[in-house]
Amino acid sequence: MTRPQRGSGASGAAYVPSAGAGLHGGVPPGERLRVLLVEDDEGDAFLVSELLAETNSMIDLLVATSLSEARQRVMGVDCVLLDLGLPDAQGLDGLRRVLEMASGAAVCVLTGRSDEHLGIVAVAEGAQDYLVKGQVDGVLLTRALRYAVERKRADENARRLREVELRQAESARLERGLLPQPLMTTDEVSVHTFYRPGRHAALIGGDFYDVVQTQPDRIDLIVGDVCGHGVDEAALGVELRVAWRALVLAGVPDDEVLPALEQVLMSERRLQEIFATVATTRLDLASARATVRLAGHPPPLLLSGGTVAPVPAKGGLLLGVRPRRPVAFDLEFDTDDWSLLMYTDGLIEGRVNGGDERLDVPGLTDLLADPANRAVPLSELPAWLVGRAEQINGGPLADDVAMLLVTRGSGR
């Protein structure tokens, strides 16, 4: 290194205002850095201190003469400037030990002319840069240390971003696996589904739906909504859906299914205030009938004979508030051309034309009765309804939206 003409001791803070910086065009601006020099040669340590002192480096220099001493002083430093020839560590072994003990700090290797090839290998091992003794001045040294710190931070940010991306990808795979696959083999009816969580960047929310065919002419459907929008509510919604499917497949009597589901809710919820609304429908295709049960949930809408009307089932109590069996409502189909729309309240809670009035069930009924939707294929009708609801709301809907549209014949 080129010996400067003035400076301070090797272990002192090396912030000495000087016009020398201007001679080299200045150094990159930034906050004050703490640099630990690990160097057993007092002369070289003194030179590093003087080189930093001749520039407006804003670097506080600490010095350790061995790796064991460096271990005691490394806490809180931004960069380690490491000589590869130490009393208790030689070459790349010392670098590896420093990288292990100072995982959050940048590491710059300080080598002699004869060890320059080691500097290149050191960067491959994980160092941010290497410097050759005798080939740097104060500005270049300061710049190299600051750049090393910035590269370390960039590497750390890239690593964290990659970890987040991997976690998000894993979470997305898990969430996709939790979305239901309708268990149905009949071709007498078609089921069209729609699901969109209100939670940002999520695939599932507190709303849930499922379809299970237990006999050739019998199909069970459920749509539900757990209050809240977080991960816990989404997990609870999945638990309720899976529990409902298990109860139906196990042949639990119809009147006992929702009370059993309520027991699951009450045992699994994290807060006593958590509740859920549910609508279930059992289709008996042979007798052209359906049995609808509501637990605090908006009623399904029946499309038949060119008209649209809510199924007049009793609303019932929310699940998790006061256990009570929902009242069954028997629905008869007068024709073989019909559709039954089951949905969660996220679809009907949007505002109407920027006012205080909500879309609600009557507004949704009017949308379905609009002749304009006749040109919309039934498979696209749920998405069309969401689009119209958002248009009326003047923006995206805030809540989760889940829909089941089961159709027979022409569906209208």
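This is a predicted model: local features need pLDDT of at least 70, side-chain atom pairs count only at pLDDT 80 or more; totals for chains, interfaces and linings use all residues.
Which handedness does the crossing of α9 and α10 have?

1. The crossing of α9 and α10 is right-handed. Helix α9 covers residues 360–369 and helix α10 covers residues 381–393. Their axes come within 11 Å and cross at roughly 120°. Because of this angle, α9 is oblique to α10; the range counted as roughly perpendicular runs from 65 to 115 degrees.

2. A separate point concerns the cysteines. A disulfide is a covalent bond between the sulfur atoms of two cysteines. The structure contains zero disulfides. For Cys-79, the closest cysteine sulfur belongs to Cys-108 and lies 4.7 Å away, which is too far for a bond; the cut-off for a disulfide is a pair of sulfur atoms within 2.5 Å. Likewise, Cys-108 is in no disulfide, and its nearest cysteine sulfur is that of Cys-79.

3. Are these two cysteines buried or exposed? Cys-79 has a relative accessible area of 0% and is therefore buried. Cys-108 also counts as buried, because its relative accessibility is 0%. The term applies to residues under 20% relative accessible area.

Note on methods: Residues are numbered from 1 along each chain as its sequence is written. Side-chain values use heavy atoms; hydrogens and water are left out. Axes are lines fitted to C-alpha atoms, for helices over the stretch in contact, and angles run from 0 to 180 degrees between N-to-C directions. Helices (H or I, at least four residues) and strands (E, at least two) are DSSP runs, numbered from the N terminus. Angles under 35 degrees count as roughly parallel, over 145 as roughly antiparallel, 65 to 115 as roughly perpendicular and the rest as oblique. A crossing is left-handed if the near helix is turned anticlockwise from the far one by less than a right angle, and right-handed if clockwise. Buried means under 20% relative accessible area, exposed over 50%, partly exposed in between (1.4 Å probe, protein chains only).
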